[in-house]
Amino acid sequence: KLSDIDFGGGIMFGVFCVSIVALSKVIRYKGRIDVNGIILLAITVCAFIAVVVLEKKHENPILKLEFFKTNIIRRSIFSSVIAGAIMYGLITILPICGTVFEKQGYRVNESQILFLYMIGITIGILFSSRYIKKLNSLWISKISWVVITACSILMLYSISVGSLIMFNIFNALMGFSTGCVMSTFLINSQNAVNDEDRTVLSGIVQLGRYLGASIGVTILIGIIPDINSIAGIS
């Protein structure tokens with residue numbers, strides 16, 4: 001039956017995703033929230049409220065609000081958004097960082113810089129997936145977030161001092177930690193629901209990753225001029 005399909009919830013959730021990405025673009029280009037930003041913010045808030053109201057009423061909601069009552073699932077979805085922003089944002093700007101090093105006198109292959117990051121992610125996913133039962137998953141995620149934060153700062157520092165070796169080390173370590181976060185939270189959230197909801201939850205986590213990617217790419221592209229200024233390049 002058509003009545004069993006959550007058209008309203010799906011449409012409003014789509015409006016929420018589009019408006020929040022559009023808001024991030026406005027902030028990126030303007031550097032502040034102007035009139036358009038305020039309008040988009042209002043649309044985002046209204047769409048969010050509409051999603052909550054509609055999903056509570058529908059028998060077969062496209063987005064089960066029960067998921068967000070579980071702490072590990074909330075953290076998993078939030079982490080997927082942040083991890084997606086970091087992962088796809090870095091995929092976008094790492095080759096540009098290679099160009100910065102070229103201007104500093106290095107002979108750099110931009111694809112190799114990106115390759116190091118992707119290898120780090122792959123190893124991180126394999127490592128955390130294999131040892132998540134032997135190690136404390138909460139500590140894996142906490143340590144990974146600390147390493148990601150530290151590496152992001154140290155990568156900028158590496159550019160400022162012109163150290164390609166240091167940059168590559170932190171680049172690979174950033175990828176490894178990102179892979180650990182992505183795998184750990186996905187596995188833990190899947191184990192927190194029954195078999196029927198596991199596929200739906202995996203889709204939500206993946207959607208959160210892509211939503212984060214849309215925001216992360218927009219924001220990180222906006223700091224490219226700052227990277228150049230840090231490196232002393234006009």
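Biologist: What is the handedness of the crossing of α3 and α6?
Modeller: The two helices, α3 and α6, cross in a left-handed manner. Please bear in mind that this is a predicted model.

Biologist: At what angle do α3 and α6 pack, and how far apart are their axes?
Modeller: The angle is about 160°, and the axes of α3 and α6 lie 9 Å apart. Helix α6 covers residues 164-191.

Biologist: Are α3 and α6 roughly parallel or roughly antiparallel to each other?
Modeller: Roughly antiparallel. That label applies because angles over 145 degrees count as roughly antiparallel, and the angle here is about 160°.

Biologist: Staying with α3, how many residues does it have, and what distance does it reach?
Modeller: Helix α3 has 33 residues, 71-103, and reaches 47 Å from its first C-alpha to its last. That is close to the 48 Å expected at 1.5 Å a residue.

Biologist: Where in α3 does the kink lie?
Modeller: The kink is at I91, shortly before the proline P95, and amounts to about 35°.

Biologist: Is I93 buried or exposed?
Modeller: I93, which lies in α3, is buried because its relative accessible area is 5%, and the cut-off for buried is under 20%. The C-alpha atom of I93 is 9.2 Å from that of L114, although 21 residues separate the two along the chain.

Biologist: Let me change topic to the overall make-up. How many helices and strands are there in the protein chain?
Modeller: The chain has eight helices and zero strands. Its pattern along the sequence reads α-α-α-α-α-α-α-α.

Biologist: What percentage of the residues in the protein chain is buried?
Modeller: Of the 234 residues, 40% are buried.

Biologist: Now the cysteines. How many disulfides does the structure hold?
Modeller: It holds zero disulfides. For reference, a disulfide is a covalent bond between the sulfur atoms of two cysteines.

Biologist: Are C17 and C180 buried or exposed?
Modeller: C17 is buried, at 13% relative accessible area. C180 is likewise buried, with a relative accessibility of 2%.

Biologist: What about C151: where is its place, and is C151 buried or exposed?
Modeller: C151 sits in helix α5 and is buried, its relative accessible area being 2%. C151 and N171 are 20 residues apart in sequence, while their C-alpha atoms are 7.3 Å apart in space.

Biologist: Which helix holds S141?
Modeller: S141 is in α5, the helix of residues 137-161. S141 counts as buried because its relative accessibility is 4%, against a cut-off of under 20%.

Biologist: What distance separates the C-alpha atoms of S141 and M182?
Modeller: The separation is 9.0 Å, for residues 41 apart along the chain.

Biologist: One last residue. Where is V45 found?
Modeller: V45 is found in helix α2, which covers residues 35-57. V45 is partly exposed, with a relative accessible area of 43%. That value lies between the cut-offs, since buried means under 20% and exposed over 50%.

Biologist: How far apart are V45 and S19, along the chain and between C-alpha atoms?
Modeller: V45 and S19 are 26 residues apart along the chain, and 9.4 Å separates their C-alpha atoms.

Notes: Residues numbered from 1 in each chain as written. Predicted model: local features only at pLDDT ≥ 70, side-chain atom pairs only at ≥ 80, totals over all residues. Heavy atoms only, no water. Helix = DSSP H or I, 4+ residues; strand = E, 2+ residues; numbered from the N terminus. Expected span 1.5 Å × (residues − 1). Bend = angle between axes of the 7 residues up to and from the residue. Disulfide = S-S within 2.5 Å. Buried < 20%, exposed > 50% of the residue type's maximum accessible area, 1.4 Å probe, protein only. Axes fitted to C-alpha atoms, helices over the stretch in contact; angles between N-to-C directions. Parallel < 35°, antiparallel > 145°, perpendicular 65-115°, else oblique. Left-handed = near helix turned anticlockwise from the far one by under 90°.
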